[in-house]
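Let's take a walk through a protein together, starting with the whole and ending with single residues. Keep the picture in view as you read.

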Amino acid sequence: MDKHHISKFHTEGYLIIPQFFPQELMELLKKKCQHDSAIQDSPLTQADSKGRVTKGISWKEKRDDLYGAISCSENLVNIAEALLGGEVYNWHSKIRYKEPEVGGEVEWHQDYPYWYKSGLLRPDALSCMIAIERTNKENACLEVLKGSHKMGRIDLTMRGAENFSKDKLLKALTTFSRGGHNPDVQTGTDPERVEEAIKRYEHVYCELEQGDILFFHSNILHASSANKSKFHRWLLICTYNRFDNEPYKKDCDGTPYSTLHKIAPNDILKIARSEMPTV
Ligand SMILES: O=C(O)CCC(=O)C(=O)O
């Protein structure tokens, strides 16, 4: 990671690093995911407006398995620290699985507005997407609007509340303004701003080969289409927050700081191999 990469990330809002993780590790990780019933039966399964689903799991706590080890990858975390300019900790991680032909769409959004509601004062957080297997335009790779992180935090708006009764609307607005979760209400990035941003910023398909990684800024506008292809799309996304940016809200959805113990590449591979008999 040199100055050029750091400055590219800050100018464009994202950075792809090819061939970061070895194929053997990615294959072992894929096997673990494929056999993980928590992913298949996940309550986090999300349906888009057409009912197409994206499966996944997410976690905030320290995990002692391969998922946890990769989130603590020494080489990866060192880059996150170089990009954010200081010590980081794992804010959360998740696996996102779009099945062939049914994987759902993700609308244009920024991540920071949600974390802002959880109590992050600054957007000093980023995500790293790890391609467990190839992801391209065909199987719904991540799309970004290059440089759109410079717009700063865009407001979230509530969706689908048009026909709510007065009482229900009041309850929804109260939860929304506090950043809490209300199952009746969906939120999204202000569509008017998104429409304008699409006209001004270059639309990039972040195609990744197996083992490539993609860092993206917490304020970059990103989305992905439905997976209409015959190919699976498996991604691990690890999110890091700067240690001095821990959320001030303790009762919300935020993760408090805890030291991240970095794990060396060989030790991650050992963990992956040791988990094999059990998957
Ligand atoms: O799964 C995807 O394609 C999108 C993931 C995403 O938008 C996110 O993690 O913020």
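Which domains does the domain assignment give for this protein? The model you are looking at is predicted, and its assignment gives domain 1, made of residues 3-155 + 190-278, and domain 2, made of residues 158-186. Notice that domain 1 is written as two stretches of sequence.

Now step back to the whole chain. Its secondary structure consists of nine helices and 13 strands. The radius of gyration is 18 Å, close to the 19 Å that the globule rule gives for 279 residues, so the protein is as compact as a globular protein of that length. Along the principal axes, the C-alpha atoms fill a box of roughly 60 × 40 × 40 Å. Of the contacts with a separation of 6 or more, 88% join residues 24 or more positions apart.

Let's look inside. Buried residues account for 37% of the 279 residues. The largest nonpolar core contains 59 residues, and Ala-80, Ile-130 and Phe-215 have the most contacts inside it. Take Phe-215: leaving out residues up to four places away in sequence, it touches Phe-9, Tyr-14, Leu-15, Ile-79, Leu-83, Leu-126 and Cys-128.

You will find it in strand S13, which covers residues 233-242. Why does Tyr-240 count as buried? Because it has 28 C-beta neighbours inside 10 Å, and the cut-off for a buried residue is 20 or more. Beyond its neighbours within four places in sequence, Tyr-240 is in contact with several residues, including Ala-80, Trp-91 and Leu-126. Tyr-240 and Cys-128 are 112 residues apart in sequence, yet their C-alpha atoms are 8.2 Å apart in space.

Glu-12 gives you another case to study. This residue sits in helix H1, residues 3-12. Glu-12 is buried, with 20 other C-beta atoms within 10 Å. Setting aside neighbours within four places in sequence, Glu-12 is in contact with Lys-146 and Gly-147. Glu-12 and Lys-62 are 50 residues apart in sequence, and 31 Å separates their C-alpha atoms.

Finally, which residues are around the ligand? They are Thr-54, Arg-96, Val-106, Asp-111, Leu-142, His-222, Ser-224 and Ile-237. This shell divides into three nonpolar, three polar and two charged residues.

Conventions
Residues are numbered from 1 along each chain as its sequence is written. This is a predicted model: local features need pLDDT of at least 70, side-chain atom pairs count only at pLDDT 80 or more; totals for chains, interfaces and linings use all residues. A nonpolar core is a set of buried Ala, Val, Leu, Ile, Met, Phe, Trp, Tyr and Cys residues joined through C-beta atoms within 7 Å. A residue is buried if 20 or more other C-beta atoms lie within 10 Å of its own, exposed if 12 or fewer, and partly exposed in between; C-beta atoms are placed from the backbone. Two residues are in contact if their C-beta atoms, placed from the backbone, lie within 7 Å. A residue is near a molecule or strand if its C-beta atom, placed from the backbone, lies within 6 Å of it. Ala, Val, Leu, Ile, Met, Phe, Trp, Tyr, Cys and Pro count as nonpolar, Asp, Glu, Lys and Arg as charged, and the others, Gly among them, as polar. Domain bounds come from an automatic or database domain assignment. Helices (H or I, at least four residues) and strands (E, at least two) are DSSP runs, numbered from the N terminus. The radius of gyration is taken over C-alpha atoms; the globule rule is 2.2 Å times the number of residues to the power 0.38.
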